[in-house]
Amino acid sequence: MLDNFLSLQWFNDRKPYQNNVKYDLEYLKIFRHLFYGLGSVLKKTNGTMGPNEMRELAYIVTAYFEDRVNKIGFWETVLAEHQTLYGKRIPFYTTEELAEWDDCEDIHPADIHYLTFVYCAFLHRTKQIKEMPPEMFFIGFRDLAFDYLDQIEEVRTTDFYKEMLVADGSATEFKNILQWFAYDSYLFGYELKYYWLAQGQQLRQQEPNIDKRTLEINMQIVMNDIMHKRNTSLSGLNPVDVLAKTLNWPGQKRQDTMDFKFYVEGVFEIDETDPKYYYFKHNLMNDVFPVLKTSIPNLKPGSLARARYYRTVLQRWDGAYILAAPLAAEMDEDHIFFWNKEFAYDYSVHNKAFRERQKEALKAEADEAFTFFGVSQKTFRNAEEMINALNTFYKWQFDKAVREGRADAGKYNAIEARTHHIGAETDLCIHIAPDDGMSITSNHYATLNRLNELRSVYGLANDAVLMVPIPISAWQNLWESFKPVPATNDSWCINTMDDLMALFRIYRPKDFSALRKPVITLLDLSYR
């Protein structure tokens with residue numbers, strides 16, 4: 001019965017190739033052994049996990065082993081990112097603890113521990129399990145899996161992945177590899193496929209009579225959006241970045257793949273008079289994007305004259321842009337106005353030029369706030385005190401803009417009317433950060449005290465403190481101000497800022513996305 005559940009067909013459905021039976025059978029045997037071993041560890045440690053989740057975790061560790069012995073490079077790229085982020089192979093371990101395993105070659109106990117924890121944290125964060133397994137489960141499965149895999153003296157290898165990663169360098173080839181990497185690989189497949197299927201279910205509930213073709217198109221749009229935009233529980237990493245850094249492509253092509261997530265969606269006017277490029281002018285932002293005519297080979301000269309506006313998606317490639325979605329003629333200017341008003345900002349964050357302008361504006365706002373308040377965090381006893389201070393700041397800022405010729409005198413409006421939802425909260429704080437402008441946090445010291453009480457990675461993972469809506473940059477400032485006392489127990493502990501950020505990358509990955517919307521809370525006095 002379980003052999004059917006752990007079948008070769010299920011195993012092969014996760015692969016980017018077909019019919020490599022002798023090779024796959026060896027790894028299938030490893031996969032099944034890990035599944036049964038996982039069950040025994042769960043039983044001994046009183047952990048709970050459903051059979052589907054057990055199968056996925058066994059697959060993750062098997063595919064990690066396959067990656068390492070074949071020297072594919074996916075995990076090597078993740079380790080390089082960890083080195084940049086944390087200065088060590090795996091967070092939560094000290095460098096001394098990691099040094100005890102220096103003789104490990106292809107596989108490493110800390111890798112298995114971390115992959116297991118990240119997967120369980122994803123299940124916990126998405127409420128697929130009620131609570132994290134106990135600490136001894138992670139240690140028990142780490143040791144069992146490592147001891148078993150380390151004793152395997154010889155296993156078949158394949159050159160398929162190396163050949164795949166030196167493909168022809170075209171945008172189409174990259175998209176095909178990316179789709180497999182995002183939705184079926186051991187690093188990202190379980191998480192991104194979960195989001196994709198959940199959004200598909202939501203689409204069907206919202207439009208129960210939707211026809212099959214329309215549903216397929218919408219599901220493809222959702223698939224593209226998720227794999228480009230979503231950062232994941234795996235250290236807050238994005239699949240586009242990890243794949244791009246693993247590819248054995250020339251420098252410019254690799255940079256093209258890194259920029260692939262910065263696509264531009266919207267309504268455009270198109271100038272087709274240039275012999276080499278179509279020039280797409282964004283209807284809202286007024287940015288102009290050169291699109292290679294060779295990337296749209298079936299478009300006949302003059303055919304664009306049938307409409308003034310077209311909606312589409314552009315992606316950067318080969319120093320210019322290519323179409324990433326069909327051209328849809330927009331005839332109704334009222335619809336264009338509605339689109340720009342309701343959706344354009346969400347899609348504009350993909351545009352690098354737009355983000356740079358936004359970043360400059362936010363930094364200027366933060367610089368002025370810091371000049372006025374003199375500190376990066378200003379605390380207040382209650383909402384009234386904070387609102388008075390904000391109005392004083394905004395009046396000072398407005399008068400400064402008038403003197404510099406950037407504003408018209410007499411047009412200043414106080415902000416009291418927009419603060420009703422703050423109510424009678426106490427212990428409020430204005431937090432100032434270059435990437436976010438200014439934001440409001442509440443009860444921040446109480447929250448950090450709670451963090452200091454727990455300190456264990458496992459304890460924090462089972463506590464709501466990780467989801468408290470405080471910007472990440474505020475956590476960093478609070479940690480520096482509070483200077484927590486180092487923990488001394490034997491658990492995985494939060495002893496450094498890097499460890500704290502590593503846990504947030506697992507539980508709040510969207511806060512680390514290159515496409516994250518800035519907080520800018522004082523524009524509307526809400527957190528997001």
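Start by selecting Y17, Y23, Y27, F65, F74, F160, Y161, W180, F181 and F188: in this predicted model, pairs between their rings join these residues into a cluster. Show the side chains so you can follow the links from ring to ring. Aromatic pairs also turn up elsewhere, and the structure holds 52 of them.

Next, select F174 and F260. How are these two rings arranged, and what is the angle between their planes? They form an edge-to-face pair, with 85° between the planes and 5.2 Å from centre to centre. Now colour the neighbouring elements: F174 belongs to helix α10 (residues 171–183), while F260 sits in the loop between α14 (251–258) and β1 (264–271), so this contact ties together parts that lie 86 residues apart in sequence.

Move on to W475 and F504. Their ring centres are 5.1 Å apart and the planes meet at 45°, so this pair counts as tilted. Here too, distant parts of the chain are linked: W475 is in helix α21 (residues 472–482) and F504 is in helix α22 (residues 497–507), 29 residues apart. W475 is buried, and F504 is buried as well.

For the last two stops, look for charged side chains over rings. Select F5 and R55: R55 lies over the face of F5, 4.1 Å from the ring centre. Then select Y278 and K293. What sits over the ring of Y278? You will find the charged end of K293 there, 5.0 Å from the centre of the ring.

Terms used:
Residues numbered from 1 in each chain as written. Predicted model: local features only at pLDDT ≥ 70, side-chain atom pairs only at ≥ 80, totals over all residues. Heavy atoms only, no water. Phe/Tyr/Trp six-rings, centres within 6.5 Å; stacked < 30°, edge-to-face > 60°. Helix = DSSP H or I, 4+ residues; strand = E, 2+ residues; numbered from the N terminus. Buried < 20%, exposed > 50% of the residue type's maximum accessible area, 1.4 Å probe, protein only. Lys NZ or Arg CZ within 6 Å of the ring centre and 35° of its normal.
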